[in-house]
Amino acid sequence: MNRWKALVVLGTAQFLMVLDASVMNVSISQLVEDFDTEVTAIQAVITLYTLVMAAFMLTGGKIGDMFGRRRVFIVGLAVYAVGSGLTAVAPTVGVLALGWSIIEGLGAALVLPALAALVAGSYSGRDRAVAYGVIGGLAGAGIAVGPLLGGWVTTYLTWRLVFAGEVVLVVLILVFVRWIPRQPPPAHRIHLDTVGAALSAAGLALVVLAVLQSGTWGWVQPRNPPFTVLGFAPTLFVVALGGALLYLFFLHERRTEARGREPLVSLHHFGNRVLRSGLATLFNQNTVLLGLFFVIPLYLQVVQGLNAFETGLRLLPVSVTMLVASMCGTRLLRIASPRTIVRGGLLVLLAATLWLIAAIEPDLHGASFAGSMALLGLGMGMLASQLGNTVQSSVQEGDRSEAGGLQYTAQNLGSSLGTALIGAILIGSLAGAVTTRINEDPRISDAVAGQSAVRIEAGLSFVPADDVATALASQPEIPPQEAAALVESYQSAQITGLKAAVLACSGITAASFLFTGGIPAGRPERVVRVRRSVTGPPERQG
């Protein structure tokens, strides 16, 4: 048991890092009421949190190399606790953004890369695979338990207690942080590449910002952007600017390495096929996971009318099966290779998304929905049991903080893209389905259909059908029978939009098979022998 003490501390920290983001998502309506603001303001706060983490994850990994991973892990947790405490007492939206989005985001950017490297440094061989399986399972559990815990606390107490509780949890982690073994100091003095840090942060921030705002700005035709570029929505232009900065970042890193200086990220990592496959699959996994966790609560809360706590209960099978599958992943290594397990997980995930499409109906069928959720957790758990270990085991000891930074950058970019892309597909499919149904319904006159088309073109939101009925009732020029037909069309289009969004997740899952070729295909013992023959003596473990 003593050898797992470090995993208890690191696993608790991983659970904490992903918990409050899911809590925040189910507390939006209460936050709007408490701060007397609009939904868009709270969405901006959530967006900023993702931006900060994605932009500074690489820098956080390098700082861990410079000052020691355990020390940076401790400092990051302290910063995170300050942000959580400020969030718990925030009197305004501005203070909420400062505490949660900025301070907590910076703390997470220090903690997560160090955490990934500390797991690899604390365990070796089969124990390391077990540890990464547990870490992946706890990350998924945090995502799934967050709505349940946050929904209950928000519904019956106050969301502020969650963040106050996080401060207490951080204190407990710091009390037992001594269970994490000290890591060897770097062999040479490491310097921070400030120019590379600035370029990577700016480039990633712009790309993530554009993708996250695409639903509001529009991709090509402007919907409601703050400005336009040559009459077009700014989304693709901002993505291009971010891409240009990232290209400058790679040129700078290449020049820095050529001059014998310390880069922010060594470009030779991108020549590592195992690392590339691990990062790409992690990116796709989080794109699908967060895309589904955007769609499913909408189905349960908006279409089915469940509250936050009831939504969390419906998501519980995901948490249970994901945790179990993650922890059993090491046992699977006795009979299958990491590549086989990952591909098996993708097959299970694909089956789960297809089942979910069939389960999404106007009336909630509890058993079918629960089955799809359980299968979803199983597939995600199989992936989580292998991918973290694949990424960290593909590099040497001195490169693990960089690998951790790349790992969590890929995960956060995938999370951002999943929420934005799947959300955009949902709204686009909803608008298209509503328009088609209105035009085909003989009960709706051409005049009313024309008015509806204008409103849909201006922007459509995914709201309860009762809200649509209330809005139509306030317009006396629309006859009651036509209003009822419009509501029916909207309800039917909601199901079509949800199914289209989940189908997109199925497509991403299927495409993920193309990126698994570099994941080790041999048994773990064979993989180690192969790496020794290629890289020389085995790396020094923990």
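The model is predicted, so local features need pLDDT of at least 70, side-chain atom pairs count only at pLDDT 80 or more, and totals for chains, interfaces and linings use all residues. Residues are numbered from 1 along each chain as its sequence is written, and side-chain values use heavy atoms, with hydrogens and water left out. The structure holds five salt bridges. The largest nonpolar core has 72 residues.

**Salt bridges**

- A salt bridge here is a side-chain nitrogen of Lys or Arg within 4 Å of a carboxyl oxygen of Asp or Glu.
- Side chains of opposite charge can pair when their charged atoms come close.
- Helices are DSSP runs (H or I, at least four residues), numbered from the N terminus.
- Lys-62 is buried, at 1% relative accessible area, while Glu-262 is partly exposed, at 24%.
- Buried means under 20% relative accessible area, exposed means over 50%, and partly exposed lies in between (1.4 Å probe, protein chains only).
- Asp-65 and Arg-69 meet in another salt bridge, at 3.5 Å from N to O.
- Both partners are buried: Asp-65 has a relative accessible area of 6%, and Arg-69 has 8%.
- Asp-441 and Arg-443 also pair, at 2.9 Å from N to O.
- Asp-441 is buried, at 12%, whereas Arg-443 is partly exposed, at 42%.
- Salt bridges with shared partners join Asp-441, Arg-443 and Glu-488 into one network.

**Helix H4**

- Helix H4 covers residues 69–88, which is 20 residues.
- The expected span of a helix is 1.5 Å times one less than its number of residues.
- For H4 that span should be 28 Å, and its end C-alpha atoms are 28 Å apart, so the two agree.
- Buried residues of H4 include Arg-69, Phe-73, Leu-77, Tyr-80 and Ala-88.

**Nonpolar cores**

- A nonpolar core is a set of buried Ala, Val, Leu, Ile, Met, Phe, Trp, Tyr and Cys residues joined through side-chain atoms within 4.5 Å.
- In soluble globular proteins, nonpolar side chains tend to be buried together.
- In the largest core, Leu-292, Ile-296, Leu-356, Met-373, Leu-376 and Phe-462 touch the most other members.
- H10 gives the largest share of this core, 14 residues.
- Apart from this core lies another, of 55 residues, among them Leu-19, Tyr-80, Ala-108 and Ala-120.
- Leu-292 touches Pro-297, Thr-353, Leu-356, Leu-376, Val-502 and Cys-505, not counting residues up to four places away in sequence.
- Contact means heavy atoms within 4.5 Å.

**Packing of H10 and H11**

- The axes of H10 and helix H11 (residues 308–332) come within 9 Å and cross at roughly 150°.
- Axes are lines fitted to C-alpha atoms, for helices over the stretch in contact, and angles run from 0 to 180 degrees between N-to-C directions.
- The crossing of H10 and H11 is right-handed.
- A crossing is left-handed if the near helix is turned anticlockwise from the far one by less than a right angle, and right-handed if clockwise.
- On the H10 side, the contact residues include Phe-293, Ile-296 and Leu-300.
- On the H11 side, they include Ala-308, Leu-315 and Met-322.

**Positive phi in loops**

- Asp-36 is not a glycine, yet has a positive phi of about 50°.
- Asp-36 lies in the loop between helix H2 (28–35) and H3, and is exposed, at 72% relative accessible area.
- Leu-230 is not a glycine either, and has a positive phi of about 55°.
- Leu-230 lies in the loop between helix H8 (194–217) and H9, and is exposed, at 74%.

- Ala-465 belongs to helix H16 (residues 465–473) and is buried, at 11%.
- Ala-465 touches Val-487, Tyr-490 and Gln-491, leaving out residues up to four places away in sequence.
- The C-alpha atoms of Ala-465 and Leu-106 are separated by 40 Å, and the two residues are 359 residues apart along the chain.
- Thr-256 is in helix H9 and is buried, at 8% relative accessibility.
- Thr-256 touches Asp-193, Arg-261, Glu-262 and Pro-263, again not counting residues up to four places away in sequence.

Methods:
Helix = DSSP H or I, 4+ residues; strand = E, 2+ residues; numbered from the N terminus.
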